[in-house]
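Open the model in your viewer and keep the selection panel at hand. The stops below say what to select next and what is there.

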Amino acid sequence: MKVLVVGCGNVGYTIAETLNREGHNITVIDSDEEKVATLANRLDVVAISGNGASYSVLQEGGIEDCDVLVAATGQDEINMLCCLIARRAGHCRTIARVRNPDYYSEIDSLQESLGLDLVINPESSAAESCYQLLWAPGASDVDSFAQGKVLVVTVRLPSNSPWARKSLNEINRGCRAQFLIGVVERNGEAHVPNGYTVVHGGDQLSTLVDKANLNLVLRNMGLEFKPVKSVLIGGCGTMGYYLAKRLLKERFNVKIVEPDLNRCNDLSEKLPEATVVHGSFNNELILQEAGIADVDAVAALSGNDSDNIVLSLYANKVTHAKLITRINKMTMGGVLSEIPIGAIVSPKALTAEHILRYARAISSDNSDSRMEAMHFLADEKVEALLFTVFSDSPLVGVQFKSLRLPTGVLFGAIIRGKSVIIPSGADAIRAGDLVVVLTEHTGTRKIRDVLA
């Protein structure tokens with residue numbers, strides 16, 4: 001599939017890198033010659049220096065015969081203009097990055113009038129991820145499927161957990177709630193387990209669970225936590241604004257520490273229920289004045305990775321609050337996992353997941369299934385995929401115990417109407433079901449691809 005990416009900042013670069021890894025034919029356009037040269041040296045893509053909102057530059061990039069255009073510059077207006085030109089110049093699908101809350105609140109009408117196939121908002125998606133993490137205080141990562149009906153919650157198993165040194169079969173027999181451990185991470189390695197897998201204290205477990213049963217499952221693991229009611233946000237740009245607005249709607253106590261005075265005034269006007277403190281969120285006196293020692297959670301969400309890490313390290317020292325750290329450049333992900341900065345949220349990684357899911361869906365024939373969502377788990381070692389299954393699928397009506405599945409593949413959940421089923425060997429998929437699949441084999445496009 002031919003993909004044209006306009007803008008090679010953090011988000012654009014990640015999209016190009018991810019789609020290139022999937023084997024797509026990628027061309028990237030950016031007005032910054034240095035960025036273009038860097039990307040061309042690092043990735044096997046065609047890189048063009050120029051204005052992506054120019055028809056002639058888009059022609060040079062092959063707009064007339066490309067399949068998808070992704071407009072991911074830092075300016076919403078440019079992104080929407082690129083998509084409008086692309087729709088008139090060729091027959092490609094168009095994806096626009098739109099960050100501004102003023103535009104995003106009217107996105108349905110904009111999408112219709114401009115003919116956008118998909119709109120992505122990295123900051124809004126990341127803010128929602130933060131909210132889910134706050135709702136599950138013991139988790140280092142939370143993903144959701146089907147409007148939150150099924151959660152994939154990643155936690156570190158305590159050393160004194162009742163589950164430690166037990167097989168998954170033993171654990172399932174001892175817990176009343178329906179759940180499934182889908183990924184086990186240990187010593188930097190991750191795998192999709194089976195019933196005979198034994199877990200140990202310190203393992204990272206990614207567990208599929210109905211939202212209603214989450215607290216029961218976490219208690220059975222031996223995790224102790226208290227609900228989050230108050231949150232301090234350090235650095236309140238677009239992502240922080242989305243999170244604060246969501247938290248205030250749910251009646252959380254929100255404190256914001258922001259170094260830009262004009263931004264503080266803007267936030268005070270738009271979020272009157274929040275407490276806004278002007279000052280550096282890496283200043284100890286300012287943080288003490290804001291009451292960092294008394295909040296239940298600290299979210300470091302500025303655009304500067306180093307500042308976010310420093311804030312989280314300080315918060316870890318002076319409080320037992322839940323920590324969330326925004327990281328834009330994930331090249332140091334392995335090192336960051338070793339320091340106490342809590343859960344890491346990356347807007348560009350979430351965007352890459354969204355774009356990759358869309359690319360896989362439109363490049364498959366959709367004969368037996370349609371991919372609805374995907375999430376990377378365990379540093380992209382495992383994929384969690386959601387499919388709608390059609391009547392033509394060879395999996396329909398076959399009991400799971402009769403299916404031949406390769407090692408590293410697991411059916412995690414079936415969503416049938418309002419019901420969530422954690423499947424056993426006697427269960428079978430019906431046409432119209434939403435099915436969650438966990439797999440160590442990357443590149444899956446259709447649900448039948450998981451069969452051996």
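A search of the whole structure of this predicted model finds 1 cavity of 30 Å³ or more. A cavity here is a set of points, on a 1 Å grid over the protein atoms alone, where a 1.4 Å probe fits but cannot get out. Grid points are joined across faces, edges and corners, and a volume is the space filled by probe spheres set on the points. The largest cavity holds about 30 Å³ of space. To display its lining, select Met1, Val3, Leu19, Val68, Val70, Ile95, Ile355, Tyr358 and Ala359; lining residues have an atom within 4 Å of a point. Strand S4 (68–71) and helix H15 (347–363) are the elements that give two or more residues to this lining. H15 has the largest share, with 3 residues. Helices (H or I, at least four residues) and strands (E, at least two) are DSSP runs, numbered from the N terminus.

Residues are numbered from 1 along each chain as its sequence is written, and side-chain values use heavy atoms, with hydrogens and water left out. In this predicted model, local features need pLDDT of at least 70 and side-chain atom pairs count only at pLDDT 80 or more, while totals for chains, interfaces and linings use all residues.

Two strands pair if DSSP finds at least two bridges between them. S20 and S21 are joined by 8 bridges, and methionine 374 stands opposite leucine 385 in S21.

Next, go to the loop between strand S20 (369–377) and strand S21 (382–389), and pick aspartate 379. Is aspartate 379 buried or exposed? Aspartate 379 is exposed, at a relative accessible area of 62%; buried means under 20%, exposed over 50% and partly exposed in between (1.4 Å probe, protein chains only).

Now select S14 to S19. They form an open sheet of 6 strands with parallel pairing, in the order S16-S15-S14-S17-S18-S19. Strand S16 (275–278) and strand S19 (343–345) are at the edges with a single partner strand each, so one side of each has no neighbour in the sheet. The twist averages 20 degrees from one strand to the next. Strand S18 (residues 322–326) runs parallel to S19 and is joined to it by 3 bridges; isoleucine 324 has alanine 343 in S19 as its bridge partner. Helix H11 (residues 261–270) packs on this sheet, touching strand S15 (253–258) and S16, and its direction makes about 170 degrees with that of S16.

The last stop is helix H9 (residues 214–221), where Leu214, Val217, Leu218 and Met221 are buried. These residues lie on the same side of H9, because they cover an arc of only 100 degrees around the axis, taken from the directions from the helix axis to the C-beta atoms. The buried residues of H9 pack against helix H7 (122–135), strand S8 (150–156), strand S10 (179–186) and strand S13 (204–210). Just after H9, glycine 222 takes a positive phi of about 95 degrees.

Technical notes
Contact = heavy atoms within 4.5 Å. Axes fitted to C-alpha atoms, helices over the stretch in contact; angles between N-to-C directions. 1 Å grid on protein atoms, 1.4 Å probe; cavity = no way out; pocket = protein on both sides within 12 Å on 5 of 7 lines; lining within 4 Å.
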